[in-house]
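Here is a short note for a first look at this structure. Please read the points with the view open beside you.

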Amino acid sequence: MPDVPPPPSTTRVLLQLRRWARPALPRIALGGLTALGASLLALAVPQVLRAIVNGPLLGDGSTRGVVLGAVVVLALGILEAFLVWCRRALILTPGTGVERVMRTDLFRHLLDLPVEFHDRWPGGQLLSRIMSDLSTIRRWTVFGLVMLLVSATTVLVGVVLMIWTSPVLGAVYVAGAVPVIWLGFRFREDYKVVARRARDQAGDLATTVEESVHGIRVLKAFGRGQDALDDFARQADELRTTEVHKARTLSRVSFALGAIPEAVLAVSLAIGVTLAADGHLSVGALVAFFATAAVVNNPVERLGMLLAMTLDARAATDRYMQVIETGSTVQDPVRPVSLPAVGGGGSVVELVGVGFAHPGATGAAVLDGVDLRLEPGETLALVGLTGSGKTTLLQLVPRLYDVTAGSVRIDGVDVRDLTRDELRSAVSVAFEDPILFSASVRENVLLGTDLVGPAADALLQEALDVSRAGFVHDLPDGLDTVIGEEGLSLSGGQRQRIALARAIAVRPRVLVLDDPLSALDVTTEAAVTAGLRAMLAGTTTLVVAHRPSTVALADRVAVLEDGRITGIGRHAELLATHPHYRYVLTALSAVGTDELEGVRG
Amino acid sequence: MSEDTESRDDDPTRTESRRLRRRSLALLSSLLRPVRRSAWWTAALVVGSQLAAVAGPALVAYGIDRALPAMQSGDAVPLVLASSTYLLAALLGGVLTAATVRASARVSQTMLLDLRRRVFRHTQRLSLQFHEQYTSGRIISRQTSDVESLRELLDGGVTTLATGVLAMVLTAFSLALLDWRSGLVLLLAVVPGVLLTRWFQVRSQVQYRKNRTAVARLIVRFVETMTGIRAVQAFRREREVEAVYGDLAEDYRATTAAAIRLNGVFDTGLTLIGNVTVATVLLVGGLRTLDGGMEVGVLVASVLYARRFFAPLSQIGMFYNSLQSATAALEKLADLLAEEPTVPEPAHPRRLVHARGDVRFDRVEFGYGAGPTVLPRVDLHLPAGQSVALVGETGAGKSTIAKLLARFYDVRSGAVLLDDVDLRAIDPVDLRRAVVMVTQEAYLFSGTIGANIALGKPGATREEIEAAARAVGVHDLIRSMPDGYDTEADKRGVRLSAGQRQLVSFARAFLADPALLILDEATSSLDVPGEAQVQEALQTLLADRTSVVIAHRLSTVMGVDRVLVVDGGRVVEDGSPADLVAGGGRFADLHADWQRSLEHSPAG
């Protein structure tokens, strides 16, 4: 997984959140004010206490004064509770809104990012970003940030009050802050690094979980559950070590924040009582000083936790930004053009000097200088050994990948000059690995069309007929049976036929099929091939073929060898003239003939 | 079906709800048990640090009431005593707080590791049937988001809760000792506090259950979309997918916000109760001081104690909140852990160290879950060393037979026997060594290509791995990769073509060297030369092995010893390929079609 260069300060990183928090900012600010108000009210109580002690209790002894004082304390208390409620109402709920917007933004961005990005990024790292990193950010924006500001302000105001109450004692207290601040800075540097590592490890752990679930059949087939567990446990243990390390870092600052302010108070007690004994300080002031200190020490102790939370949020933000700022390499053009209208004859598809290499890959390019022209309505088979780049070539047409050299043109228009939406409604794909979604058969087949009503039903029926997927009518709920992961599991051949029906149902100008019949038995394959040939008239089709039976779909064949087209022509011609083509396709025929003879004999 | 189970848990009956909660607390306590000594130690540290903390106000009170007058009369000893004790308490408090942070992290991280391992191990043990119903997204959600919410609770939550409660108890105790009347006022305040807490507990439990379900749905959708991103983009479903996800994200936001709102009411209520109590203590104490029934120092200390008593409440409220959230998550986890594998490990496993590979289906009846019968009654004997092909239409039951052989599922009645031992009685380790199944989906894990092949035989040497790769003809390809066998297989092996992935998974199977090899459509993506190579490898490597092959390509089928044609869960034809072709049945028809497809000259 790619890593970012040494990033800017925590504040700069967290300021990036403004982009999403802006609509909630006024409420967050207002909420911060109410929180501040609540804390300041808490600070006012010791002052009232001082007034009562110095006034009625040690002075005039008036009952009214005491009752009045208690009533003021009560009023302040009720006001504080009200402000607490206000803070909740003002910021916590909008905070969840910010989180949601950030989440859907990331999701939209991930949908927009090209397949090449998804090839590179493990699923668990994306999942941990969109779930746990975002909830960390949310907790920080609505709680951490506000509490940090409130605590800091409370401490500041408290210290001012303490200085005002007694300059000497106040100065002692401030002196204690120096080592605390120094330790705080050191802590930040250490913690930042560990916090990021912990999050990355958690993402890796999520990836392992995801793979163990998606690869469960392989693990079961080989009885490798224990090894997978050992592997997972090792990773989980690494995460544990990091977390414990994180706690060790935090504990150092906890010590400082717990011990130093209290130690300062011990010193203040000695000085304060001496001053009071000498008459330099009133008893009321002494009481008020300690009462204020009691209020101030709480947020001081909390500062460590809040600082840790802030640094965690920073790591989470870094991880979030890392993905959301990854630009999409496959983008819509600034000034898109439209495909020219064509008659029933179909489109021309041209590959001109097409090259493709995976970004950052060393070694030979996957495709290099491919020139290919599909005439309107023509079906061209692409034949080559496994790994020769056939699938990659197919995916260049609907721009699942972008060429790294040359261009792909449909009716003379470079596919990069079209919007992806227009391109992909003109080009339809059947993948070799049929990806179905948790939805009904109907929804899966009609995935690529915008038709509804009877027209859609007719289309559905036709597509299912051509792909010989009549079995769907026998499913428990027929066309409404939910298939895919959350529904009925189908066999490979069944899924492939539904995926083929889905590609056909788009009624595209250009159809690209990746070995679409590989999981079908010969009888079904022959039936599907016959249906397809009839249907494909007028649809320009590029089909990857591994077997002569699939080549039967095509008008012409192109041979892809080491990323180049080394032959193009009719099946029979190539069979006679192209040794590589013969090797790729006739190994089967040769074996077959042998066996045939064996059977006959 | 899965959605139903998920939502049913949201709104359980009262008894059901209590049972769920009990089970989740039982899980929590079973996680605590192994670390109970460290947990007690942590608790002791918490007690110590709190004792040090409450010493503060008492020493201040002592300083003002006793040391000040003493000082005024020239005696500095009480002041020195008070200050130095305070200093000591401060340092001790700091040390203990720091120790608490470390100790509690150790305890909670150990518990999390334990939980993660347990859930992971359990999901690995659960049968495929369960996995297919529960969906991968929900399992992932359990193992990430639900574990995470326990982490939030343990991450300082428990310590803060314990610290807070203890601080309150100690403060209350100190106050009662200092002035029992003020203590009484405090006691009265507890009543509304308890009522409010109970209200919050009941309500937030409901909210958090909904929240856990919402988060699971969100994750399920996310995982499915990211896994199928190619299809989403190729069929321009971005907007629809985004809308669905947006709705789920909004559901999740709404349940989170509702839970937070409840917590807000709780928090506000606690603050109110606390502040009213402080005012009352001040009023009662102040009036008594006027009467001379109380010293000023004691009054100040009482008010300080009363404030201190309520200070941890907002934090306790917050962490009670995480407890509620974690309990809901633990309910889901306990639910998952309570799932019994439908393919249980034998109570008294029989060892089968050197399996011969003699397979027998004895009156086997089978259907998936509670569904219709798929195999009505199968009797079959595959002698050791025989290679058998299963042929038939989609849905005929070929894959089902293969899955029963690999014990992915257990029979409803009858038995599947390997070397005359019921599969259900064989030690799982021996069974997995003896029987290996290669499926159509050739899943590659992240890690090197070499490690992916070595999955077939952990601890295999590089030579063995290369030999296996050579046998299936993938060695040269791997050698040509940037780092050879140490090349990282990218996510889901995307950079390898489907055919190459199948070759790698074949190499895995060859390395595993089982007595019985099952190939379920394992050659579908191979090109012709690749298939020929695999054929050849199969001939030599599996000469003395039992193999069961499901393939729709007759080129793979024709080389076997025996063909079984399956239809409607029954074996309808049984014989050598040559005999069946000569016999003129279904297989003969299939063979004729295949011949035609070979002879067919592509249009042109």
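**Points to check**

1. Start with one residue, A:Val194. Setting aside neighbours up to four places away in sequence, A:Val194 is in contact with A:Thr242, A:His245, A:Lys246 and A:Thr249. This is a predicted model. A:Val194 sits in helix H7 of chain A, which covers residues 167-214.

2. Is A:Val194 buried or exposed? A:Val194 is buried: 20 other C-beta atoms lie within 10 Å. The cut-off for burial is 20 or more such atoms.

3. Now look along the chain. A:Pro454 is 260 residues from A:Val194 in sequence. In space, their C-alpha atoms are 60 Å apart.

4. Chain A has two assigned domains. Domain 1 spans 17-324, and domain 2 spans 349-596. How far apart are the centres of the two domains of chain A? Taken over C-alpha atoms, the separation is 56 Å.

5. Turn to A:Ser467. A:Ser467 lies in a loop of chain A, between helix H14 (453-466) and strand S8 (482-483). A:Ser467 is buried, with 29 other C-beta atoms within 10 Å.

6. Which residues does A:Ser467 touch, beyond those up to four places away in sequence? They are A:Arg497, A:Leu500, A:Ala501, A:Ile504 and A:Val528. A further pair is worth a look: A:Ser467 and A:Leu532 are 65 residues apart in sequence. Their C-alpha atoms are 7.5 Å apart in space.

7. Next, the nonpolar core. The largest one has 382 residues. A:Leu382, B:Leu405 and B:Ala507 have the most contacts inside it. Helix H10 of chain A (residues 283-324) gives the largest share, 23 residues. Where does this core lie relative to the domains of chain A? Domain 1 (17-324) and domain 2 (349-596) both give residues to the core, so the core lies between them.

8. Take B:Ala507 from that list. B:Ala507 touches B:Ile453, B:Ala468, B:Ala469, B:Val472 and B:Val474. Residues up to four places away in sequence are left out of that count.

9. The two chains meet. In total, 160 residues of chain A are in contact with 154 residues of chain B. On the chain A side, helix H9 (residues 225-277) supplies the largest share, 30 residues. By class, that side has 85 nonpolar, 44 polar and 31 charged residues.

10. Chain B has 22 helices and twelve strands. Why call chain B more spread out than a compact globule? Its radius of gyration is 35 Å, well over the 25 Å that the globule rule gives for 604 residues, so chain B is more spread out than a compact globule. Along the principal axes, the C-alpha atoms of chain B fill a box of roughly 120 × 55 × 50 Å.

11. Of its 604 residues, 55% count as buried. Among contacts between residues at least 6 apart in sequence, 79% join residues at least 24 apart.

12. Finish with a sheet in chain B. Four strands form an open sheet in the order S2-S1-S4-S5, with antiparallel pairing. Strand S2 (373-382) and strand S5 (421-422) stand at the edges with a single partner strand each, so one side of each has no neighbour in the sheet. Strand S1 (residues 359-367) of chain B runs antiparallel to S2(B), and six bridges join them. In this sheet region, B:Val359 stands opposite B:Leu382 in S2(B).

Conventions:
Residues numbered from 1 in each chain as written. Chains lettered and ligands numbered in written order. Predicted model: local features only at pLDDT ≥ 70, side-chain atom pairs only at ≥ 80, totals over all residues. Domains from an automatic or database assignment. Helix = DSSP H or I, 4+ residues; strand = E, 2+ residues; numbered from the N terminus. Rg over C-alpha atoms; globule rule 2.2 N^0.38 Å. Buried ≥ 20, exposed ≤ 12 C-beta atoms within 10 Å, placed from the backbone. Contact = placed C-beta atoms within 7 Å. Core = buried A, V, L, I, M, F, W, Y, C linked by C-beta atoms within 7 Å. Nonpolar A, V, L, I, M, F, W, Y, C, P; charged D, E, K, R; others polar. Pairing = 2+ DSSP bridges.
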